[in-house]
Amino acid sequence: MPTLGDLAAWLEIEPDELDWFADRWRVPAQSAGTPLHHYSYKVIEKRDGRCRIIEVPKSRLRALQRKMLHGLLDRVPAHDAVHGFRRGRNAVTFAAPHAGKAVVIRFDLTDFFASVHAGRVYSAIRALGYPMETTRAMTALCTNRVPSGRLLAADVRDRIDWLERQRYRNRHLPQGAPTSPALANLCAFRLDLRLAGLARSLGATYTRYADDLAFSGGDDLARMAERLEIRVAAIAIEEGFAVNLRKTRVMRRGARQHLAGVVINSHPNLARPEFDTLKAVLTNCVRHGPVSQNRDGHRDFHAHLAGRVAHAVMVNAARGAKLKGIFEQIEWDEV
């Protein structure tokens with residue numbers, strides 16, 4: 001795609017539409033409610049009372065992003081240590097390499113998507129060989145800046161700090177766009193390369209699932225956990241990310257070791273309380289009907305339970321099969 005016309009033709013839109021979706025027409029940033037903006041915004045509350053902004057592209061832009069994802073980005077491999085947003089990889093493959101280790105250390109990256117600004121996205125796409133103008137348009141199609149009016153709204157203003165607000169104000173990867181996970185993985189390639197090298201030098205194992213970084217190893221790694229934290233934080237800063245030190249967890253043998261909801265003390269497994277709770281819900285659905293157990297008001301309770309059972313089967317096939325057997329006994333006529 002040497003020209004913008006070629007890119008527009010590939011996306012099956014007119015060149016002036018490409019200009020529009022690539023935000024060449026500058027829209028006033030004060031109001032988020034105008035139909036001229038390409039995104040709508042949802043606020044998700046975090047456990048600590050702060051919030052996360054989900055930036056949802058509107059339907060036509062989302063369709064263009066999906067075409068870019070499946071036609072271009074899915075064809076570029078991420079680092080082998082990456083298990084999030086990759087076909088054939090999941091939370092279990094992320095956690096399994098750390099099973100049975102003396103110590104497992106988990107780090108969390110702050111504002112993973114918002115930390116990837118447009119300049120880094122441009123560099124990643126340009127490195128694939130696309131011309132400058134085409135790369136600029138692709139970058140604009142896949143990045144966003146949150147309007148000031150939305151950041152100063154009552155449900156957001158006091159629940160994000162100044163640094164987070166600046167990340168959202170600058171053009172960045174929007175959490176909610178289909179292209180963001182693949183582009184974030186590409187932009188984090190150097191981070192993964194350096195952290196994997198650090199792990200090898202320590203005789204440790206490293207994997208990443210989105211913003212979760214995991215290291216594991218023997219007693220030597222357990223003794224240098226604090227030094228590892230400093231080195232990981234330094235590498236993350238140099239690569240444009242930041243480690244949330246409050247969420248760092250050092251999990252030693254003898255206590256419960258878990259990553260992405262998967263317990264890994266000896267082998268990947270469901271946490272016992274989670275298994276017991278789900279089994280009780282399924283059993284009560286068989287005895288008293290599924291309506292009696294839908295206490296959270298899920299619109300599609302069948303799909304909700306099916307997803308939880310499928311996750312259990314993925315984590316531990318034998319225990320999951322027991323839950324699946326109970327699930328298949330549920331009568332769904334009343335739902």
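Student: By class, how many nonpolar, polar and charged residues does the lining of the largest cavity have?

Tutor: That lining has seven nonpolar residues, no polar ones and no charged ones. In this scheme Ala, Val, Leu, Ile, Met, Phe, Trp, Tyr, Cys and Pro are nonpolar, Asp, Glu, Lys and Arg are charged, and the others, Gly among them, are polar. Please note that this is a predicted model, in which local features need pLDDT of at least 70 and side-chain atom pairs count only at pLDDT 80 or more, while totals for chains, interfaces and linings use all residues. Residues are numbered from 1 along each chain as its sequence is written, and side-chain values use heavy atoms, with hydrogens and water left out.

Student: Which residues line the largest cavity, and what is its volume?

Tutor: Rolling a probe the size of a water molecule over the atoms shows where empty space is left. On a 1 Å grid over the protein atoms alone, a cavity is a set of points where a 1.4 Å probe fits but cannot get out; a pocket is an open set with protein on both sides within 12 Å along at least five of seven lines; lining residues have an atom within 4 Å of a point. Grid points are joined across faces, edges and corners, and the volume is the space filled by probe spheres set on the points. Here one cavity reaches 30 Å³ or more, and the largest has a volume of about 30 Å³. Its lining consists of M68, L72, L73, I125, L128, Y130 and M138.

Student: How much space lies in the largest pocket, and which residues are closest to its centre?

Tutor: The largest pocket holds about 1200 Å³. It is lined by 33 residues, with K46, R52, D108, D211 and K247 closest to the centre. By class, the lining comprises 16 charged, 12 nonpolar and five polar residues. Helices (H or I, at least four residues) and strands (E, at least two) are DSSP runs, numbered from the N terminus. At least two lining residues come from each of β2 (51–57), β3 (103–108) and α8 (162–169).

Student: What is the volume of the second largest pocket, and which residues lie nearest its centre?

Tutor: Its volume is about 340 Å³. Among its 15 lining residues, L73, D74, F85, R86 and R87 lie nearest the centre. The lining divides into 10 nonpolar, two polar and three charged residues.

Student: Is Y206 buried or exposed?

Tutor: One reads this from relative accessible area: buried means under 20%, exposed over 50%, and partly exposed in between (1.4 Å probe, protein chains only). Y206 counts as buried because its relative accessibility is 7%. It lies in strand β4 (residues 205–209). Contact means heavy atoms within 4.5 Å; leaving aside residues up to four places away in sequence, Y206 touches A81, H98, D192, L195, A196, A199, L213, A214 and F215.

Student: Which side chain does the side chain of Y206 join in a polar contact?

Tutor: A polar contact is a pair of N or O atoms within 3.5 Å; within protein, one must be able to donate a hydrogen and the other to accept it, and residues adjacent in sequence count only if both atoms are side-chain atoms. The partner of Y206 is D192, at 2.7 Å.

Student: Where is E239 found, and is it buried or exposed?

Tutor: E239 is in the loop between α12 (225–238) and β6 (249–252). Its relative accessibility is 10%, so E239 counts as buried. Not counting residues up to four places away in sequence, it touches R120, R190, L191 and R194.

Student: What is the phi of E12, and what is that of D111?

Tutor: Most residues other than glycine have a negative phi, and most peptide bonds are trans. Phi of E12 is near 65 degrees, a positive value, and phi of D111 is near 45 degrees, also positive. E12 lies in the loop between α1 (4–11) and α2 (15–21), and at 66% relative accessibility it counts as exposed. D111 lies in the loop between β3 and α5 (118–126), where its 15% relative accessibility makes it buried.

Student: How many helices and strands has the protein chain?

Tutor: The chain has 15 helices and eight strands. Its radius of gyration is 22 Å, close to the 20 Å that the globule rule gives for 335 residues, so the chain is as compact as a globular protein of that length. That radius is taken over C-alpha atoms, and the rule is 2.2 Å times the number of residues to the power 0.38. Buried residues make up 47% of the 335 residues.
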